[in-house]
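Student: I am new to this structure and would like a close look at a single part of it. Please take the surroundings of the ligand and explain them step by step.

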Amino acid sequence: MSLQLLSVTDFRNFASQQFQPAAGFNLICGANGSGKTSLLEAIYFLAHGRSFRTARLQRMIRFDAELSVVHAKIMQSGQLNVVGMQRSKQGELTLRLNGETAKRLADIAHLLPVQLITPDSFRIFFGGPKERRHFFDMGLFHVEPSFYQHWQLFSKANKQRNALLKQGASAEQFRYWDNFFCQSAEAITLLRESYLQQLSDEFQQLVASHVLLSHVQLQFYPGWNQQHSLAELLLQNRATDAKMGFTQAGPQKADLRIKVEQQPAEEVLSRGQLKMLLFALKIAQSNVIGAVASKQPILLIDDLASELDADSMQQVFQLLKTINSQVFVTAIEPEPVLQFMPQDSTAVFHVEHGTLTLRTDDYGRT
Ligand SMILES: Nc1ncnc2c1ncn2[C@@H]1O[C@H](COP(=O)(O)OP(=O)(O)OP(=O)(O)O)[C@@H](O)[C@H]1O
(Lines give C-alpha, C1' and ligand atoms only; values in the text may rest on other atoms or scores of the structure.)
Protein backbone atom coordinates (compact mmCIF):
# COMPACT_ATOMS: atom_id res chain seq x y z
CA MET A 1 0.00 0.00 0.00
CA SER A 2 1.40 3.41 -0.90
CA LEU A 3 0.61 7.04 -1.46
CA GLN A 4 1.20 7.68 -5.14
CA LEU A 5 0.43 11.38 -5.08
CA LEU A 6 -0.01 13.80 -2.21
CA SER A 7 -1.42 17.27 -2.57
CA VAL A 8 -1.48 19.78 0.28
CA THR A 9 -3.19 23.19 0.22
CA ASP A 10 -2.97 25.88 2.90
CA PHE A 11 -1.66 23.42 5.44
CA ARG A 12 0.76 25.00 7.99
CA ASN A 13 3.43 26.77 5.90
CA PHE A 14 2.53 24.92 2.66
CA ALA A 15 0.51 27.12 0.30
CA SER A 16 0.02 24.59 -2.49
CA GLN A 17 2.19 21.55 -2.93
CA GLN A 18 1.92 18.35 -4.91
CA PHE A 19 4.42 15.56 -4.84
CA GLN A 20 4.88 11.99 -5.92
CA PRO A 21 6.53 9.98 -3.18
CA ALA A 22 8.57 6.87 -3.92
CA ALA A 23 6.83 3.58 -3.07
CA GLY A 24 9.78 2.68 -0.81
CA PHE A 25 11.72 5.22 1.24
CA ASN A 26 11.27 8.99 1.21
CA LEU A 27 13.80 11.16 2.99
CA ILE A 28 12.47 14.67 3.66
CA CYS A 29 15.29 17.08 4.52
CA GLY A 30 15.34 20.72 5.46
CA ALA A 31 16.31 23.28 8.07
CA ASN A 32 14.40 23.85 11.32
CA GLY A 33 10.99 25.31 10.61
CA SER A 34 11.07 24.45 6.89
CA GLY A 35 7.97 22.19 6.99
CA LYS A 36 9.22 18.59 7.40
CA THR A 37 7.00 17.68 10.34
CA SER A 38 4.07 19.52 8.74
CA LEU A 39 4.30 17.20 5.76
CA LEU A 40 4.07 14.12 8.02
CA GLU A 41 1.25 15.85 9.89
CA ALA A 42 -0.64 16.29 6.60
CA ILE A 43 -0.42 12.53 5.88
CA TYR A 44 -1.49 11.72 9.43
CA PHE A 45 -4.39 14.19 9.15
CA LEU A 46 -5.53 12.49 5.97
CA ALA A 47 -5.51 9.10 7.71
CA HIS A 48 -7.12 10.14 11.02
CA GLY A 49 -8.87 13.48 10.54
CA ARG A 50 -6.78 14.87 13.39
CA SER A 51 -3.26 16.01 14.16
CA PHE A 52 -0.56 14.40 16.27
CA ARG A 53 0.65 17.86 17.32
CA THR A 54 -2.43 19.68 18.46
CA ALA A 55 -6.01 19.09 19.50
CA ARG A 56 -6.94 22.42 17.89
CA LEU A 57 -7.16 21.62 14.23
CA GLN A 58 -7.50 25.26 13.20
CA ARG A 59 -3.78 25.56 14.04
CA MET A 60 -3.04 23.50 10.92
CA ILE A 61 -4.75 25.96 8.62
CA ARG A 62 -2.25 28.28 7.01
CA PHE A 63 -2.26 31.77 8.51
CA ASP A 64 -4.81 33.94 6.63
CA ALA A 65 -6.36 30.95 4.81
CA GLU A 66 -9.92 29.74 5.45
CA LEU A 67 -9.35 25.98 5.10
CA SER A 68 -6.71 23.28 4.75
CA VAL A 69 -7.07 20.54 2.17
CA VAL A 70 -5.09 17.32 1.82
CA HIS A 71 -5.65 14.91 -1.08
CA ALA A 72 -3.98 11.66 -2.02
CA LYS A 73 -4.07 8.83 -4.48
CA ILE A 74 -3.61 5.58 -2.61
CA MET A 75 -2.78 2.29 -4.24
CA GLN A 76 -4.03 -0.66 -2.21
CA SER A 77 -4.17 -4.28 -3.40
CA GLY A 78 -3.97 -3.14 -7.04
CA GLN A 79 -6.81 -0.65 -6.61
CA LEU A 80 -6.42 3.12 -6.82
CA ASN A 81 -8.42 5.20 -4.29
CA VAL A 82 -8.65 8.96 -4.18
CA VAL A 83 -9.14 10.37 -0.69
CA GLY A 84 -9.44 13.92 0.56
CA MET A 85 -9.79 15.65 3.91
CA GLN A 86 -10.67 19.28 4.38
CA ARG A 87 -10.88 21.32 7.58
CA SER A 88 -12.33 24.82 7.74
CA LYS A 89 -11.63 27.53 10.31
CA GLN A 90 -15.23 27.15 11.52
CA GLY A 91 -14.44 23.56 12.45
CA GLU A 92 -16.14 21.77 9.58
CA LEU A 93 -14.48 18.53 8.51
CA THR A 94 -15.23 17.17 5.03
CA LEU A 95 -14.15 13.71 3.91
CA ARG A 96 -14.04 12.59 0.31
CA LEU A 97 -13.57 9.05 -0.92
CA ASN A 98 -13.45 8.24 -4.65
CA GLY A 99 -15.45 11.31 -5.67
CA GLU A 100 -18.11 10.99 -2.97
CA THR A 101 -18.56 12.44 0.48
CA ALA A 102 -17.57 9.89 3.12
CA LYS A 103 -19.53 9.90 6.38
CA ARG A 104 -17.20 8.21 8.80
CA LEU A 105 -13.54 8.82 9.53
CA ALA A 106 -13.20 5.07 9.97
CA ASP A 107 -13.90 4.56 6.22
CA ILE A 108 -10.75 6.47 5.35
CA ALA A 109 -8.74 5.23 8.32
CA HIS A 110 -9.37 1.62 7.17
CA LEU A 111 -7.89 2.47 3.78
CA LEU A 112 -4.85 4.23 5.11
CA PRO A 113 -3.11 2.56 8.06
CA VAL A 114 -0.39 4.89 9.27
CA GLN A 115 2.13 4.37 12.04
CA LEU A 116 3.89 7.36 13.47
CA ILE A 117 7.23 7.62 15.24
CA THR A 118 8.17 11.04 16.62
CA PRO A 119 10.23 12.11 19.62
CA ASP A 120 6.87 12.16 21.49
CA SER A 121 6.38 8.45 20.83
CA PHE A 122 8.46 7.77 23.95
CA ARG A 123 5.16 8.28 25.74
CA ILE A 124 4.51 4.62 24.95
CA PHE A 125 7.09 3.89 27.69
CA PHE A 126 6.79 6.89 30.00
CA GLY A 127 3.12 7.75 29.59
CA GLY A 128 0.12 6.03 31.11
CA PRO A 129 -1.69 2.90 29.86
CA LYS A 130 -3.78 5.03 27.48
CA GLU A 131 -0.71 5.56 25.24
CA ARG A 132 -0.15 1.81 24.99
CA ARG A 133 -3.85 1.10 24.41
CA HIS A 134 -3.77 3.56 21.50
CA PHE A 135 -0.83 1.66 20.09
CA PHE A 136 -2.26 -1.86 20.16
CA ASP A 137 -5.86 -0.86 19.45
CA MET A 138 -4.67 0.80 16.25
CA GLY A 139 -3.40 -2.61 15.09
CA LEU A 140 -6.56 -4.33 16.23
CA PHE A 141 -8.69 -1.80 14.36
CA HIS A 142 -6.98 -2.88 11.14
CA VAL A 143 -6.82 -6.63 11.65
CA GLU A 144 -10.18 -7.29 13.30
CA PRO A 145 -13.16 -5.62 11.58
CA SER A 146 -15.54 -6.28 14.51
CA PHE A 147 -13.33 -4.47 17.04
CA TYR A 148 -14.63 -1.03 16.11
CA GLN A 149 -18.29 -1.98 16.70
CA HIS A 150 -17.52 -3.69 19.99
CA TRP A 151 -15.55 -0.64 21.07
CA GLN A 152 -18.37 1.72 20.19
CA LEU A 153 -20.86 -0.41 22.18
CA PHE A 154 -18.49 -0.62 25.11
CA SER A 155 -17.87 3.16 25.12
CA LYS A 156 -21.61 3.76 25.25
CA ALA A 157 -22.03 1.31 28.16
CA ASN A 158 -19.06 2.81 30.02
CA LYS A 159 -20.38 6.35 29.59
CA GLN A 160 -23.86 5.35 30.76
CA ARG A 161 -22.51 3.51 33.77
CA ASN A 162 -20.34 6.48 34.76
CA ALA A 163 -23.39 8.75 34.48
CA LEU A 164 -25.35 6.37 36.76
CA LEU A 165 -22.46 6.38 39.25
CA LYS A 166 -22.55 10.17 39.42
CA GLN A 167 -26.29 10.67 39.58
CA GLY A 168 -27.21 7.59 41.61
CA ALA A 169 -29.51 4.96 40.13
CA SER A 170 -31.61 1.93 40.95
CA ALA A 171 -30.18 -1.61 41.18
CA GLU A 172 -32.28 -2.41 38.11
CA GLN A 173 -30.62 0.34 36.03
CA PHE A 174 -27.17 -0.81 37.14
CA ARG A 175 -28.01 -4.41 36.30
CA TYR A 176 -29.01 -3.43 32.77
CA TRP A 177 -25.89 -1.36 32.01
CA ASP A 178 -23.47 -3.68 33.88
CA ASN A 179 -24.67 -6.51 31.72
CA PHE A 180 -24.15 -4.48 28.55
CA PHE A 181 -20.74 -3.32 29.86
CA CYS A 182 -19.59 -6.90 30.62
CA GLN A 183 -20.68 -8.37 27.29
CA SER A 184 -18.81 -5.81 25.20
CA ALA A 185 -15.85 -5.82 27.64
CA GLU A 186 -15.44 -9.60 27.29
CA ALA A 187 -15.62 -9.37 23.48
CA ILE A 188 -12.98 -6.61 23.37
CA THR A 189 -10.72 -8.49 25.77
CA LEU A 190 -10.83 -11.70 23.74
CA LEU A 191 -9.90 -9.76 20.60
CA ARG A 192 -7.10 -7.92 22.38
CA GLU A 193 -5.69 -11.16 23.86
CA SER A 194 -5.58 -12.83 20.50
CA TYR A 195 -4.11 -9.79 18.73
CA LEU A 196 -1.45 -9.21 21.38
CA GLN A 197 -0.41 -12.84 21.18
CA GLN A 198 0.16 -12.37 17.44
CA LEU A 199 1.98 -9.09 18.04
CA SER A 200 4.16 -10.62 20.73
CA ASP A 201 5.05 -13.63 18.54
CA GLU A 202 5.95 -11.34 15.63
CA PHE A 203 7.99 -9.09 17.92
CA GLN A 204 9.93 -12.05 19.39
CA GLN A 205 10.73 -13.32 15.93
CA LEU A 206 11.85 -9.90 14.75
CA VAL A 207 14.26 -9.31 17.65
CA ALA A 208 15.35 -12.94 18.18
CA SER A 209 18.94 -12.21 17.17
CA HIS A 210 19.19 -8.85 18.93
CA VAL A 211 21.35 -9.11 22.05
CA LEU A 212 19.22 -6.82 24.18
CA LEU A 213 15.75 -6.67 22.64
CA SER A 214 15.44 -10.45 22.63
CA HIS A 215 15.03 -10.12 26.43
CA VAL A 216 11.98 -7.87 26.14
CA GLN A 217 8.61 -9.39 27.08
CA LEU A 218 5.20 -7.98 26.28
CA GLN A 219 2.55 -8.75 28.90
CA PHE A 220 -1.10 -7.94 28.43
CA TYR A 221 -3.15 -6.68 31.37
CA PRO A 222 -6.85 -6.78 30.44
CA GLY A 223 -7.94 -4.04 32.90
CA TRP A 224 -9.04 -6.18 35.84
CA ASN A 225 -7.84 -9.13 37.87
CA GLN A 226 -9.15 -12.11 35.94
CA GLN A 227 -9.33 -14.28 39.00
CA HIS A 228 -12.66 -12.50 39.45
CA SER A 229 -15.40 -12.18 36.90
CA LEU A 230 -15.92 -8.63 35.69
CA ALA A 231 -19.60 -8.75 36.68
CA GLU A 232 -18.59 -9.65 40.25
CA LEU A 233 -16.07 -6.82 40.39
CA LEU A 234 -18.52 -4.23 39.08
CA LEU A 235 -20.94 -5.21 41.83
CA GLN A 236 -18.24 -5.28 44.53
CA ASN A 237 -16.74 -1.95 43.46
CA ARG A 238 -19.98 -0.04 42.95
CA ALA A 239 -19.67 2.07 46.10
CA THR A 240 -16.02 3.02 45.48
CA ASP A 241 -16.73 3.57 41.76
CA ALA A 242 -19.53 5.95 42.81
CA LYS A 243 -17.14 7.84 45.11
CA MET A 244 -14.62 8.21 42.28
CA GLY A 245 -17.25 8.93 39.63
CA PHE A 246 -15.96 6.32 37.18
CA THR A 247 -15.63 2.57 36.70
CA GLN A 248 -12.30 1.21 37.92
CA ALA A 249 -12.29 -2.26 36.35
CA GLY A 250 -12.67 -3.04 32.66
CA PRO A 251 -11.01 -2.77 29.25
CA GLN A 252 -10.83 1.02 29.60
CA LYS A 253 -7.97 0.25 32.02
CA ALA A 254 -6.13 -2.34 29.89
CA ASP A 255 -2.39 -2.06 29.44
CA LEU A 256 0.58 -3.62 27.69
CA ARG A 257 3.42 -4.06 30.13
CA ILE A 258 6.78 -3.88 28.43
CA LYS A 259 9.42 -5.60 30.54
CA VAL A 260 13.10 -6.55 30.40
CA GLU A 261 13.93 -9.40 32.76
CA GLN A 262 10.70 -8.62 34.64
CA GLN A 263 11.65 -4.92 35.12
CA PRO A 264 9.82 -2.05 33.37
CA ALA A 265 11.73 -1.41 30.12
CA GLU A 266 11.79 2.37 30.69
CA GLU A 267 13.68 1.88 33.96
CA VAL A 268 16.30 -0.40 32.44
CA LEU A 269 17.00 0.67 28.86
CA SER A 270 18.81 3.79 27.66
CA ARG A 271 17.02 6.37 25.49
CA GLY A 272 18.72 5.00 22.36
CA GLN A 273 17.81 1.43 23.31
CA LEU A 274 14.22 2.50 23.97
CA LYS A 275 14.10 4.08 20.54
CA MET A 276 15.28 0.81 18.98
CA LEU A 277 12.57 -0.98 20.96
CA LEU A 278 10.00 1.54 19.74
CA PHE A 279 10.97 0.81 16.14
CA ALA A 280 10.80 -2.93 16.73
CA LEU A 281 7.29 -2.63 18.25
CA LYS A 282 6.00 -0.49 15.37
CA ILE A 283 7.56 -2.73 12.74
CA ALA A 284 6.17 -5.86 14.41
CA GLN A 285 2.75 -4.21 14.37
CA SER A 286 3.15 -3.29 10.69
CA ASN A 287 4.02 -6.89 9.91
CA VAL A 288 0.95 -8.24 11.71
CA ILE A 289 -1.34 -5.74 9.96
CA GLY A 290 0.33 -6.54 6.63
CA ALA A 291 -0.03 -10.31 7.13
CA VAL A 292 -3.54 -10.40 8.54
CA ALA A 293 -5.26 -7.46 6.84
CA SER A 294 -3.21 -7.48 3.60
CA LYS A 295 -2.37 -3.79 3.88
CA GLN A 296 1.08 -2.64 4.85
CA PRO A 297 0.93 0.53 6.99
CA ILE A 298 2.77 3.66 5.94
CA LEU A 299 5.48 4.62 8.43
CA LEU A 300 6.00 8.29 9.29
CA ILE A 301 9.26 8.83 11.15
CA ASP A 302 10.02 12.33 12.37
CA ASP A 303 13.61 13.15 13.22
CA LEU A 304 14.84 9.59 12.89
CA ALA A 305 18.44 10.42 13.77
CA SER A 306 17.77 11.92 17.20
CA GLU A 307 19.08 9.77 20.06
CA LEU A 308 20.49 7.10 17.72
CA ASP A 309 24.17 6.48 17.08
CA ALA A 310 25.40 5.17 13.72
CA ASP A 311 25.26 1.55 14.86
CA SER A 312 21.67 1.85 16.10
CA MET A 313 20.66 3.71 12.94
CA GLN A 314 22.03 0.85 10.87
CA GLN A 315 20.06 -1.65 12.97
CA VAL A 316 16.88 0.41 12.53
CA PHE A 317 17.28 0.39 8.77
CA GLN A 318 18.00 -3.33 8.82
CA LEU A 319 14.57 -3.76 10.38
CA LEU A 320 12.91 -1.22 8.08
CA LYS A 321 14.33 -2.91 4.99
CA THR A 322 12.66 -6.19 5.95
CA ILE A 323 9.17 -4.71 5.60
CA ASN A 324 7.37 -3.76 2.49
CA SER A 325 6.10 -0.38 3.72
CA GLN A 326 6.22 3.06 2.25
CA VAL A 327 8.37 5.05 4.67
CA PHE A 328 8.67 8.81 5.20
CA VAL A 329 11.68 9.91 7.22
CA THR A 330 12.61 13.47 8.17
CA ALA A 331 16.09 14.77 8.91
CA ILE A 332 17.78 18.17 8.93
CA GLU A 333 20.72 16.99 6.82
CA PRO A 334 20.47 14.00 4.47
CA GLU A 335 23.99 12.58 4.89
CA PRO A 336 23.86 11.00 8.36
CA VAL A 337 20.69 9.08 7.45
CA LEU A 338 21.02 8.55 3.71
CA GLN A 339 24.08 6.32 4.02
CA PHE A 340 21.90 3.64 5.66
CA MET A 341 18.98 3.87 3.25
CA PRO A 342 18.56 1.46 0.32
CA GLN A 343 19.97 3.20 -2.72
CA ASP A 344 17.57 1.62 -5.20
CA SER A 345 14.32 2.54 -3.44
CA THR A 346 14.95 5.93 -1.83
CA ALA A 347 13.84 9.36 -3.03
CA VAL A 348 15.26 12.45 -1.34
CA PHE A 349 13.21 15.64 -1.07
CA HIS A 350 14.31 19.03 0.15
CA VAL A 351 11.88 21.39 1.93
CA GLU A 352 12.46 25.10 2.18
CA HIS A 353 9.83 27.58 3.42
CA GLY A 354 7.00 25.19 2.64
CA THR A 355 8.22 24.23 -0.84
CA LEU A 356 9.26 20.68 -1.58
CA THR A 357 11.64 19.65 -4.36
CA LEU A 358 13.04 16.28 -5.40
CA ARG A 359 16.81 16.26 -4.98
CA THR A 360 18.39 14.69 -7.98
CA ASP A 361 21.96 15.06 -6.73
CA ASP A 362 21.28 12.44 -4.04
CA TYR A 363 19.72 9.09 -4.75
CA GLY A 364 17.32 9.39 -7.64
CA ARG A 365 13.96 7.66 -7.87
CA THR A 366 13.92 4.15 -9.20
N1 LIG B 1 -0.87 27.68 10.61
C2 LIG B 1 0.34 28.00 10.11
N3 LIG B 1 0.45 28.80 9.00
C4 LIG B 1 1.66 29.10 8.49
N5 LIG B 1 2.82 28.66 9.00
C6 LIG B 1 2.76 27.87 10.10
C7 LIG B 1 1.53 27.49 10.70
N8 LIG B 1 1.79 26.71 11.76
C9 LIG B 1 3.13 26.60 11.82
N10 LIG B 1 3.73 27.30 10.84
C11 LIG B 1 5.16 27.40 10.50
O12 LIG B 1 5.40 26.30 9.64
C13 LIG B 1 6.78 25.97 9.69
C14 LIG B 1 6.93 24.50 9.60
O15 LIG B 1 7.06 23.87 10.86
P16 LIG B 1 7.53 22.36 11.00
O17 LIG B 1 7.33 22.01 12.43
O18 LIG B 1 6.89 21.54 9.98
O19 LIG B 1 9.08 22.47 10.68
P20 LIG B 1 10.21 21.35 10.69
O21 LIG B 1 10.87 21.42 9.35
O22 LIG B 1 9.68 20.04 11.11
O23 LIG B 1 11.18 21.94 11.78
P24 LIG B 1 12.13 21.26 12.91
O25 LIG B 1 13.33 20.69 12.21
O26 LIG B 1 12.48 22.44 13.75
O27 LIG B 1 11.31 20.24 13.65
C28 LIG B 1 7.36 26.66 10.89
O29 LIG B 1 8.17 27.72 10.42
C30 LIG B 1 6.14 27.20 11.63
O31 LIG B 1 6.41 28.42 12.26
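Tutor: The model is predicted. The ligand is surrounded by 15 residues, and the closest of them are Asn13, Asn32, Gly33, Thr37 and Ser38. Sorted by class, this shell holds eight polar, four charged and three nonpolar residues.

A record can be set beside this. An unreviewed UniProt entry lists Gly30, Ala31, Asn32, Gly33, Ser34, Gly35, Lys36 and Thr37 under "binding site". Two of these listed residues can be examined one at a time.

Ala31 sits in the loop that runs between strand S3 (25-29) and helix H1 (36-48). Ala31 has 13 C-beta neighbours inside 10 Å, so it counts as partly exposed. Thr37 belongs to helix H1. Thr37 counts as buried because 21 other C-beta atoms lie within 10 Å, and the cut-off for buried is 20 or more. Apart from neighbours within four places in sequence, Thr37 is in contact with Asp302 and Thr330.

Now the residue for contrast, Arg192, which lies in helix H6 (residues 171-206). Arg192 is buried because 24 other C-beta atoms lie within 10 Å. Not counting residues up to four places away in sequence, Arg192 touches Phe136, Leu140, Phe220 and Ala254. Pro222 is 30 residues from Arg192 along the chain, and the C-alpha atoms of the two are separated by 8.1 Å.

Terms used. Residues numbered from 1 in each chain as written. Predicted model: local features only at pLDDT ≥ 70, side-chain atom pairs only at ≥ 80, totals over all residues. Helix = DSSP H or I, 4+ residues; strand = E, 2+ residues; numbered from the N terminus. Buried ≥ 20, exposed ≤ 12 C-beta atoms within 10 Å, placed from the backbone. Contact = placed C-beta atoms within 7 Å. Near = placed C-beta within 6 Å. Nonpolar A, V, L, I, M, F, W, Y, C, P; charged D, E, K, R; others polar. UniProt positions renumbered as here; feature names shortened; annotations may be inferred.
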